Amino acid sequence: MAEKAILYDATRCTACRGCQVACKQWNENDEYIPTPEENGVQAVNRGSYENPPDLSPQTWLKMEFREVDTGGKVRWLFTRRACMHCTDAGCVKVCPSGALYHHELGFVAYDKDLCTGCGYCADACPFNVPRSDRNLITGIAKMDKCTFCTTPGLDRIAQGWEPACVKTCPTNALEFGDRDTLVAEGRKRVEALKDKGWTNAYLYGDKELGGLHVMYVLDDHPAVYGLPVDPQISAATIAWQEVIQPIGWAVGGLTILGLGLNYLVARAATKTEKEEKDAARS
Amino acid sequence: MRQEVERYSKPTRILHWVHMVAFCLLFLTGLVLFIPQLGFLAQDSWTRVIHRIAAVAFVIAPLIYIPMNWKATKEGVKKAFSWGIDDIGWLQAAPRYYFLGDESGMPPQGSMNAGQKMWWLIVLVFGVVLAITGAVMWFAKTTAPAAVLQWMVFIHDVAFIVSGTMLFVHIYLGVIHPLMTESWGAIVRGKVSADYAKAHHAKWYEEITKGKEVKS
């Protein structure tokens, strides 16, 4: 089946944060309004329209606002922050239980029941997306992240619908479709931006990490939008998953084989020795 | 009655069993993360809780034992680090000895033979490595940089492979190998027969019986 993707066009985004709300609503991730009398939380002014302050187990999508000074002119830039659904996904590589896996349509789906709470995914993600509530003493934890609206029971994609964030976007800054189609569309828009003088315009996710399933049309360098330039799977992930674990299997397996062999040989040897002794005695 | 000599004191045996149970629990609850097909056993974090309880026992047991048995600890560590010509001899004779039961090339051994010394070193070094890297992952999960945590997992994994594999060898030699007839009794009851001590640890037997008759 053709891979699906989301195309986010930062130049069309008005940062209304409708996607944030739709994401919470559809996925039943409640947010409370800080009210000291009711929930003991005082609202804090952080000097930004951004709210809540960060991704969390209850916030899978969040709009970021940036004020960038270019040649004495302030530009207000918006970035969508959520799982990027990598093809070469660090989280899928390190997940020990198969809770994180690639959906047949390419993006990274998640079976929350299987999550052990190890948190390896959080350390392996180049975008710092997976979040969990963790009990510091017992270590009991569950991770959460955007599932591309494929959470069991809340699966919009299986219904043939677009993800909740895309559905609600009033300016079509978010689009859902076949990845190939969206790549072509994204490249076209980047060319158009370049023609208009945005020489650093860039389609983020076209090539990154084997191709992301959330791609961004940017009118400037990714770093300006706070995105990691040329993200990579870390050396530790590769050394651990692709070198040490296979070696571990080989060493463990050979040792057990060797011990079994030793038992057979040694038992036979001690038996004949005993028989010889008994024969000598009689 | 057959002649017997004391091999392991009671505190030593208790430490051994507490450590053995703790390590096996740690091994098994860690192993489920190594085998994706077993990952479902770890869901909802309950193996993580057991892993932490066992980890506390694993770290606290020696911390209680060491000050109470300072002399035995010092001696044990000293022995594990003193290697001599007979240890080289052991390494050379070990394959024929452990496979064929051929004792001809095996030099007399002290209370710890070269193999036991190696296991001791593995327990000492990797016990500390596992405890430190584990503590970082447990208590600094939200504060340490992701790269540090990833390398901690990596080192923890390497130590797990080495010590876990050697645990198989240790259990096999202690319980299953046809020549090690009395090592199980030694770690359960603390005693081995004089004959066994003479045959397996001749230098040690000489040491402990020097100048006194073994009571029969």
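Start with two helices in chain B: helix 1 and helix 2 of chain B are roughly antiparallel to each other, because their angle is over 145°. Bear in mind as you look that this is a predicted model.

**Stop 1: the helix pair**

Select residues 10-31 of chain B for helix 1 and residues 46-68 of chain B for helix 2. The two pack at an angle of about 155°, and their axes are 9 Å apart. Turn the view until one helix lies over the other: helix 1 of chain B passes helix 2 of chain B in a left-handed crossing.

Now show side chains. On helix 1 of chain B, the residues that meet helix 2 of chain B include Leu15(B), Val18(B), Phe23(B) and Leu26(B). Colour the contact by class and you will find 16 nonpolar residues, 5 polar residues and no charged ones.

**Stop 2: chain B as a whole**

Zoom out to chain B. Its secondary structure comes to 9 helices and 2 strands. Follow chain B along the sequence and the pattern reads β-α-α-α-α-α-α-α-β-α-α. The C-alpha trace of chain B spans about 60 × 40 × 30 Å along its principal axes. How many of the 216 residues of chain B count as buried? The share is 24%. Among contacts in chain B with a separation of 6 or more, 63% link residues 24 or more positions apart.

**Stop 3: a sheet in chain A**

Next, pick strand 1 (residues 4-9) and strand 10 (residues 214-218) of chain A, which pair in the parallel sense over 4 bridges. Click on Leu7(A): its bridge partner in strand 10 of chain A is Met215(A).

**Stop 4: where the chains touch**

Finally, show both chains together. Their contact takes 39 residues from chain A and 36 residues from chain B. On the chain A side, helix 4 (120-124) and helix 7 (235-281) each supply at least two residues. Highlight helix 7 of chain A, which gives the largest share of that side, 20 residues. By class, the side of chain A that touches chain B has 19 nonpolar, 15 polar and 5 charged residues.

Notes:
Residues are numbered from 1 along each chain as its sequence is written. Chains are lettered from A and ligands numbered from 1 in the order in which they are written. This is a predicted model: local features need pLDDT of at least 70, side-chain atom pairs count only at pLDDT 80 or more; totals for chains, interfaces and linings use all residues. Axes are lines fitted to C-alpha atoms, for helices over the stretch in contact, and angles run from 0 to 180 degrees between N-to-C directions. Angles under 35 degrees count as roughly parallel, over 145 as roughly antiparallel, 65 to 115 as roughly perpendicular and the rest as oblique. A crossing is left-handed if the near helix is turned anticlockwise from the far one by less than a right angle, and right-handed if clockwise. Two residues are in contact if their C-beta atoms, placed from the backbone, lie within 7 Å. Ala, Val, Leu, Ile, Met, Phe, Trp, Tyr, Cys and Pro count as nonpolar, Asp, Glu, Lys and Arg as charged, and the others, Gly among them, as polar. Two strands pair if DSSP finds at least two bridges between them. A residue is buried if 20 or more other C-beta atoms lie within 10 Å of its own, exposed if 12 or fewer, and partly exposed in between; C-beta atoms are placed from the backbone.
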